[in-house]
Number of protein chains: 2
Amino acid sequence: MGSTLTPGVPTTADLMEAVAAVGTAYFHDFAAAAARHGLTSSQAKALKAVQEPVPMRALAGRLGCDASNVTGIVDRLESLGLAGREAAAADRRVKIVTITPAGARTLEAIRADMTRAHEAFGSLDEEQREALGRLCRQVLPLLTGGQ
Amino acid sequence: MGSTLTPGVPTTADLMEAVAAVGTAYFHDFAAAAARHGLTSSQAKALKAVQEPVPMRALAGRLGCDASNVTGIVDRLESLGLAGREAAAADRRVKIVTITPAGARTLEAIRADMTRAHEAFGSLDEEQREALGRLCRQVLPLLTGGQ
DNA sequence: TATTGTTATACTCTATAACTATA
DNA sequence: TATAGTTATAGAGTATAACAATA
C-alpha cells in the first residue's frame with residue numbers, strides 16, 4: 001500500500017489514511033468516555049468549550065456549528081445541571097454560558113477516563129512526543145486554512 | 001501550554017489536544033469535499049467502504065454503526081445512482097452492496113478535492129512523512145484496543 | 001437597521017426493538 | 001432456532017428561515 005519508490009516513506013494518500021484512522025480511533029475513545037458519563041460527544045465538546053464563560057454566539061463558533069443548534073445542546077447540559085446561562089451586563093441580548101461545579105467534575109472525569117488515548121500517547125518517548133507535536137503544529141495551519 | 005519541565009516536549013494532554021485538532025480539521029476537510037459533491041460524510045465514508053462489493057452486515061461493521069442504519073445510507077446512495085444492491089448467490093438472505101461507475105467517479109473526485117489535506121500532508125518532507133507514518137502505526141493499535 | 005438568542009421545520013445519523021425471509 | 005436485512009420509533013445533531021428583544 002506504501003510508495004513503491006521509497007519503501008517506508010508513505011505517500012500523501014497513505015498519510016491521510018493513517019491520520020484519519022488515528023483521528024477516528026481517538027474520537028471513538030472520546031465518545032466512549034463521554035457516554036460513560038451520560039453525555040454525547042457534542043455535549044462533552046461543548047462542556048470543554050465552556051470552561052471559561054462564553055456567550056452563546058461564540059460557543060457556536062467554537063463548536064463549528066450554527067448558533068441555532070447551541071440552544072438545544074446547552075438546554076440539555078443545563079437540564080443535567082452541568083452548565084447554566086447568565087445574562088450579560090453590558091448587552092442584554094447576549095447570554096453567557098457557564099460551567100457548574102458538577103460540570104467541571106464531569107469534564108475532569110471524562111478526561112481521566114480516556115484510558116486508551118492515555119495509553120497510546122503515553123507510550124511515546126520524549127523524542128517521539130516532540131516529533132509528533134511538531135508535525136501536528138506544522139500540518140494544522142494548512143488544514144485549517146489559517147483560522 | 002506545553003510542559004514546563006521540558007520545553008518543546010508536549011505532555012500527554014498536549015499531544016491529545018494536538019491530535020484532536022488535526023483530526024477535527026481533517027474530517028472538516030473531508031466533509032467539505034463530500035458536500036461539494038452532494039454527499040454527507042457518512043455517505044462518502046460508506047462509498048469508500050464499498051469499493052469492493054460488501055454485504056450489508058459487513059458494511060455496518062466497517063462503518064462502526066448498527067446494521068439498521070446501513071439500510072438508509074445505502075438507500076440514499078442508491079437513489080443517487082452511486083451504489084446498488086445485488087442478491088448473494090450462496091445465501092439468499094444477504095445483499096451485497098456494489099459501487100457504480102458514477103459512484104467510483106464521485107469517490108475519486110472527492111479524494112482529489114481534499115485540497116487542504118493534500119496541502120498539509122504534501123508539505124512534509126520524506127523524513128517527516130516517515131516519522132508521522134511510524135508514529136501513527138505505533139499509536140493506532142493502542143487507541144483501537146487491538147481491533 | 002443590525003445582532004443575539006430562540007423557535008419552527010426538515011433531513012440525516014444513531015440505537016433499540018420488532019418483523020420477514022431465509023437458513 | 002438463528003441470521004440478514006428491513007421497518008418503526010425515538011433522540012440527537014445539523015442547517016435554513018423566521019421571529020422577538022435589544023442595540
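Reader: What makes β2(B) and β3(B) count as paired strands?

Author: In this predicted model, β2(B) and β3(B) are joined by five bridges and run in the antiparallel sense.

Reader: Why are β1 (54-55) and β2 (83-87) of chain B called edge strands?

Author: The three strands form an open antiparallel sheet in the order β1-β3-β2 (chain B). In that sheet β1 (54-55) and β2 (83-87) of chain B each pair on one side only, and they are the edge strands.

Reader: What stands at the edges of the sheet in chain A, and what packs on that sheet?

Author: Chain A has an open sheet of three strands with antiparallel pairing, in the order β1-β3-β2 (chain A). β1 (54-55) and β2 (83-87) of chain A are at its edges, and each has a single partner strand, so that one side of each lacks a neighbour in the sheet. Helix α4 (residues 67-79) of chain A packs on the sheet and touches β2 and β3 of chain A, its direction making about 115° with that of β2(A). As for the pairing of β1(A) with β3(A), two bridges connect them in the antiparallel sense, and Pro55(A) stands opposite Ile96(A) in β3(A).

Reader: Why is Lys95(A) described as partly exposed?

Author: Lys95(A), which lies in strand β3 (residues 95-99) of chain A, has a relative accessible area of 47%. Buried would mean under 20% and exposed over 50%, so the value of 47% places Lys95(A) in between, as partly exposed. Not counting residues up to four places away in sequence, Lys95(A) touches Val54(A), Pro55(A), Met56(A), Arg85(A) and Glu86(A).

Reader: How do you know that Thr106(A) is buried?

Author: Thr106(A) belongs to helix α5 (residues 101-112) of chain A. Its relative accessibility is 16%, and because buried means under 20%, Thr106(A) counts as buried. Leaving aside neighbours within four places in sequence, the contacts of Thr106(A) are with His37(A), Leu39(A), Leu47(A) and Leu82(A).

Reader: Is Ala44(B) buried or exposed, and what is in contact with it?

Author: Ala44(B), in helix α2 (residues 41-48) of chain B, has a relative accessible area of 1%, so it is buried by the limit of 20%.

Reader: Why does Gln138(A) count as partly exposed, and which residues does it contact?

Author: Gln138(A) is found in helix α7 of chain A, and its relative accessibility of 27% falls between the limits of 20% and 50%, so Gln138(A) counts as partly exposed. Apart from neighbours within four places in sequence, Gln138(A) is in contact with Ser123(B), Leu124(B) and Gln128(B).

Reader: Why are α6(A) and α1(B) called roughly perpendicular?

Author: The axes of helix α6 (residues 115-122) of chain A and α1(B) come within 9 Å and cross at roughly 105°. Angles of 65 to 115 degrees count as roughly perpendicular, and α6(A) and α1(B) are therefore described in that way. The contact involves Ala117(A), His118(A), Phe121(A) and Gly122(A) of α6(A), together with Thr12(B), Leu15(B), Met16(B) and Val19(B) of α1(B). By residue type, this contact of α6(A) with α1(B) comprises five nonpolar, three polar and no charged residues.

Reader: What puts the buried residues of α6(B) on the same side of that helix, and what covers them?

Author: In helix α6 (residues 115-122) of chain B, the residues Ala117(B), Ala120(B) and Phe121(B) are buried. They cover an arc of only 85° around the axis, which means that they lie on the same side of α6(B). The cover over the buried residues of α6(B) includes α1 (12-36) and α7 (126-144) of chain A, along with α1 (12-36) and α7 (126-144) of chain B.

Methods:
Residues are numbered from 1 along each chain as its sequence is written. Chains are lettered from A and ligands numbered from 1 in the order in which they are written. This is a predicted model: local features need pLDDT of at least 70, side-chain atom pairs count only at pLDDT 80 or more; totals for chains, interfaces and linings use all residues. Side-chain values use heavy atoms; hydrogens and water are left out. Buried means under 20% relative accessible area, exposed over 50%, partly exposed in between (1.4 Å probe, protein chains only). Helices (H or I, at least four residues) and strands (E, at least two) are DSSP runs, numbered from the N terminus. The arc is that of the directions from the helix axis to the C-beta atoms. Contact means heavy atoms within 4.5 Å. Axes are lines fitted to C-alpha atoms, for helices over the stretch in contact, and angles run from 0 to 180 degrees between N-to-C directions. Angles under 35 degrees count as roughly parallel, over 145 as roughly antiparallel, 65 to 115 as roughly perpendicular and the rest as oblique. Ala, Val, Leu, Ile, Met, Phe, Trp, Tyr, Cys and Pro count as nonpolar, Asp, Glu, Lys and Arg as charged, and the others, Gly among them, as polar. Two strands pair if DSSP finds at least two bridges between them.
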